[in-house]
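Subject: Structure handover

Hi,

Here is the structure I promised to pass on. Please open it first, then read the notes below.

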Amino acid sequence: MELTKKEIIERLKSRTEALVNWYTDKPAEAMESGPDGAWTAGQHLLHMIKSTKPLAVGAGYPRLLLRIKYEKVLAPSLSYEDLVKKYTDAIAAGGQASGVFVPREVTKEERELLLKRFKTEMSVLVNNLHKWSEKNLDKMAVPHPLIGKLTFREMLYFTIYHMEHHLKILQERY
């Protein structure tokens, strides 16, 4: 299924709200806890900030600059379900966050600041997305560190699913 820009914006907002609610419903100490060998709840939040910021900033660049920096897309965008399958297959094959997307340790004192940063990044993304046309969402290709070049629409699909993925982990394990 292809989501319209309006549907994408609605999902980005609702997933952001769900994550923020999860964190605010937990004691601050949850930021420093997690299963052995896994990220803490705070690290999940910092990872989502780190993965959203480049997209939020990039969405504000002039389309001409993006066309120069990245190539034009020749194939149509994947459906939401196909993009999710591509990502989950990459994860199942051992893919994981790397480089700048791996979060540092987080303290409970950082909860409010990190929640504010997360909400800000998501707000910037949504506000910048309002400036895009439906057509341009499928014309620009941007790199994803794990699954390669994606159209801007596909990257937005990824962002929606990425938040769902981390919320599910948090709900099940923390």
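**Helix packing and a hairpin**

Helix H2 (residues 41-58) and helix H5 (residues 111-129) have axes that come within 9 Å and cross at roughly 25 degrees. Angles under 35 degrees count as roughly parallel, so H2 is roughly parallel to H5. Note that this is a predicted model. The crossing of H2 past H5 is left-handed.

On the H2 side, the contact uses Gly42, Leu45, Leu46, Met48, Ile49, Thr52, Lys53, Leu55 and Ala56. On the H5 side, it uses Leu114, Leu115, Arg117, Phe118, Glu121, Met122, Val124, Leu125 and Asn128. By class, the contact of H2 with H5 has twelve nonpolar, three polar and three charged residues.

Take Glu121 in helix H5. Is Glu121 buried or exposed? Its relative accessibility is 11%, so Glu121 counts as buried; the cut-off for buried is under 20%. Glu121 touches Ile49, Thr52, Lys53 and Ala56, leaving aside residues up to four places away in sequence.

Arg111 also sits in helix H5. Arg111 has 14% relative accessibility and therefore counts as buried. Leaving aside residues up to four places away in sequence, Arg111 touches Tyr23, Thr24, Lys26, Pro27, Ala28 and Met31. For a distance check, take Arg111 and Ile147: they are 36 residues apart in sequence and 30 Å apart in space, C-alpha to C-alpha.

**H1 and its partners**

Next, helix H1 (residues 5-25) against helix H7 (residues 152-173). Their axes come within 10 Å and cross at roughly 25 degrees. That angle makes H1 roughly parallel to H7. H1 passes H7 in a left-handed crossing.

Which residues of H1 and H7 meet? From H1 come Lys5, Ile8, Arg11, Leu12, Arg15, Thr16, Ala18, Leu19, Trp22 and Tyr23. From H7 come Arg153, Leu156, Tyr157, Thr159, Ile160, Met163, Glu164, Leu167, Leu170 and Gln171. Sorted by class, the contact of H1 with H7 has twelve nonpolar, three polar and five charged residues.

H1 also packs on H2, at an angle of about 155 degrees, with the axes 12 Å apart. Over 145 degrees counts as roughly antiparallel, so H1 is roughly antiparallel to H2. The crossing of H1 past H2 is left-handed. The contact is made by Leu19, Trp22 and Tyr23 of H1 and Ala41, His44, Leu45 and Met48 of H2. The residues of the contact of H1 with H2 divide into six nonpolar, one polar and no charged.

**A histidine in H7**

His162 is found in helix H7. With a relative accessible area of 4%, His162 is buried. What does His162 touch, not counting residues up to four places away in sequence? The list is His47, Met48, Ser51 and Tyr87.

**The strand pair**

Strand E1 (residues 141-144) and strand E2 (residues 148-151) run antiparallel and are joined by four bridges. E1 and E2 form a hairpin, with three residues between them. One of the pairings is Ala141 with Thr151, its bridge partner in E2.

Best regards

Conventions: Residues numbered from 1 in each chain as written. Predicted model: local features only at pLDDT ≥ 70, side-chain atom pairs only at ≥ 80, totals over all residues. Heavy atoms only, no water. Pairing = 2+ DSSP bridges. Helix = DSSP H or I, 4+ residues; strand = E, 2+ residues; numbered from the N terminus. Axes fitted to C-alpha atoms, helices over the stretch in contact; angles between N-to-C directions. Parallel < 35°, antiparallel > 145°, perpendicular 65-115°, else oblique. Left-handed = near helix turned anticlockwise from the far one by under 90°. Contact = heavy atoms within 4.5 Å. Nonpolar A, V, L, I, M, F, W, Y, C, P; charged D, E, K, R; others polar. Buried < 20%, exposed > 50% of the residue type's maximum accessible area, 1.4 Å probe, protein only.
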